[in-house]
Amino acid sequence: MRQKVSLLTFGCKLNQAETQAIAERLSRNFEINFEEKNGESDIYILNTCAVTKEAERKVRQTIRRLKNLNKDSKIVTIGCFSNANPNELENLGVDLVLGNFEKKNIENFIEKNGVYVDKNFWLDKEKMVIMKPQSAYSNYTRFFLPIEEGCVNGCTFCKIRFLRGIKISSLSQEEVITQIREAIKRGYKEVVLTGINLGYYGFERGESLEDLLNNIGKIFDNKNIRIRLTSLYPENVSNNLSFILNNYSIFEKHVHLSIQHFSDKILKAMGRKYSNEDVSTAINRLRKYDPKFSITCDLIVGFPGEEAEDFQIMLDSVKNLKLLKVHGFRFSPREGTIAAKMENQIPENEKKERLNQLLSVSEKSKYDYLSQLINFEVNVLIESFYKNNFYGYDEYYIFHEITNTSDNLKKGEFVRSKIFSISDRRKGVASNVF
């Protein structure tokens, strides 16, 4: 009987894509699932995250829970937390600790115990390997395609660039095109392009993300497929990129912007390459061709030196921009970063209060954005069915609850639907097929 392996993923979409690639490799010799299974699996592989203290806390909590559930299960940690603090994880009782390079060759380590982590793997060009899954993560309808790894920015709060590498590695345009073609053949209707910093796609070869997207648009624009980007920085949004995303129907009319803050003072302290005005310019460019173009973003509250005036700038900006969603985070000092040593650190209780205020304002922003879409017709990709209703996302990355189910809708298929109200379910909308 084959051993049971549970794969648990923390953090970003790139981690999810890599977990799927690992599942495909190990499925030759193991029975794979993506759940805890109440401690019943023989091996647990945790693909970890280290972007915040909270992310690391969740990993520790999961390790302790799994050890209590089944002391005989083998626990393996891989990824960013492993790369950052391998000895801590070993001391927690993890049997096998693999870093961001080693996890890409996990089949060579899975039978071993101990710590195998090359913290500076990215200095060796041959070790900058991008994993390419063949199927969607778990049972998702969206196919995550990694196309880039590494970041050369110097953000003062970021630890991940040292764990994933400060050299850029990208798939060639030919490889990306081939992967999309293969995904279409396998029946996927949405391909999500992911990476550590998509804005640096092709940087090492003198190519650009714009060139790639333009070629994708030309080749696939008549196909029944949707292409989505995971995240961009405001400085990546040129007039040309906005034109490409709006000109080709296959591109989702949504961008997630890694904004982090709106105060120029704080952005400078963060080491970001843009200003408040640049953020507004980027959003205006995206909405030039389609005023409904949706924006989601990341924002950090409580960065060292953030005063009431800086925080108010953030709140006012969120109010004015009609953002679809804000992913709000409390500033988390990361060991080895400049920001962790800065003066004027904000107390945790103040960070919590500011985060609550931000999330409250962001809900109003979301309501204002969704309100303009009542009676608007969209294409929804069906992702699930529950209690006589179908659920999915449209091209603006809005979550839909489709309430009339007389049609025989199928998971993984597009359906034309009309929005008739804002729904409380997952803060999306209710719509009807017509």
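Contact, in these legends, means heavy atoms within 4.5 Å. The model is predicted, and for that reason local features need pLDDT of at least 70 and side-chain atom pairs count only at pLDDT 80 or more, while totals for chains, interfaces and linings use all residues. Residues are numbered from 1 along each chain as its sequence is written, and side-chain values use heavy atoms, with hydrogens and water left out.

**View 1. Helix α6 against helix α7.**
Gln173, Val176, Ile177, Ile180, Arg181 and Ile184 of α6 meet Asp211, Leu212, Asn215, Ile216, Ile219 and Phe220 of α7. By class, this contact of α6 with α7 has eight nonpolar, two polar and two charged residues, where Ala, Val, Leu, Ile, Met, Phe, Trp, Tyr, Cys and Pro count as nonpolar, Asp, Glu, Lys and Arg as charged, and the others, Gly among them, as polar. Helices (H or I, at least four residues) and strands (E, at least two) are DSSP runs, numbered from the N terminus. Helix α6 covers residues 173-185 and helix α7 covers residues 209-220, and the two pack at an angle of about 40° with their axes 11 Å apart. That angle makes α6 oblique to α7, given that angles under 35 degrees count as roughly parallel, over 145 as roughly antiparallel, 65 to 115 as roughly perpendicular and the rest as oblique. Axes here are lines fitted to C-alpha atoms, for helices over the stretch in contact, and angles run from 0 to 180 degrees between N-to-C directions. The crossing of α6 and α7 is right-handed; a crossing has this hand if the near helix is turned clockwise from the far one by less than a right angle, and is left-handed if the turn is anticlockwise.

**View 2. Helix α7 against helix α8.**
Helix α7 also packs with helix α8 (residues 239-247), at an angle of about 20° and with the axes 10 Å apart. The two helices are therefore roughly parallel to each other, and α7 passes α8 in a left-handed crossing. On the α7 side the contact is made by Leu209, Glu210, Leu213 and Asn214, and on the α8 side by Asn240, Leu241, Ile244 and Leu245. Sorted by class, the contact of α7 with α8 has five nonpolar, two polar and one charged residues.

**View 3. Serine 82 in helix α3.**
Serine 82 is found in helix α3, which spans residues 80-84. With a relative accessible area of 0%, serine 82 is buried; buried means under 20% relative accessible area, exposed over 50%, and partly exposed in between (1.4 Å probe, protein chains only). A polar atom of the serine 82 side chain lies 3.3 Å from the backbone nitrogen of isoleucine 78. When neighbours within four places in sequence are left aside, serine 82 is in contact with Thr48, Thr77, Leu89, Val97, Leu98, Gly99 and Val117.

**View 4. Serine 169 in strand β8.**
Serine 169 lies in strand β8 (residues 169-170), and with a relative accessible area of 13% it is buried. The side chain of serine 169 reaches the backbone oxygen of methionine 128 at 3.3 Å. Not counting residues up to four places away in sequence, serine 169 touches Met128, Ile130, Ile147, Glu148, Glu149 and Glu204.

**View 5. Asparagine 276 in helix α10.**
Asparagine 276 is found in helix α10, residues 276-286, and is buried, its relative accessible area being 19%. A polar atom of its side chain lies 2.7 Å from the backbone oxygen of phenylalanine 262. Apart from neighbours within four places in sequence, asparagine 276 is in contact with Phe262, Asp264, Leu267, Ile313 and Ser317. Asparagine 276 and threonine 19 are 257 residues apart along the chain, and their C-alpha atoms are separated by 36 Å.

Glutamate 413 is found in the loop between β16 (399-402) and β17 (414-422), and at 34% relative accessibility it counts as partly exposed. Leaving aside neighbours within four places in sequence, glutamate 413 is in contact with Lys189, Val380, Leu381 and Ile382. Asparagine 375, in the loop between α12 (348-371) and β14 (377-386), is exposed, with a relative accessible area of 53%. Phi of asparagine 375 is near 75°, a positive value in a residue other than glycine. Tyrosine 397, in the loop between β15 (389-393) and β16, has a positive phi of about 60° although it is not a glycine.

How values were computed
A polar contact is a pair of N or O atoms within 3.5 Å; within protein, one must be able to donate a hydrogen and the other to accept it, and residues adjacent in sequence count only if both atoms are side-chain atoms.
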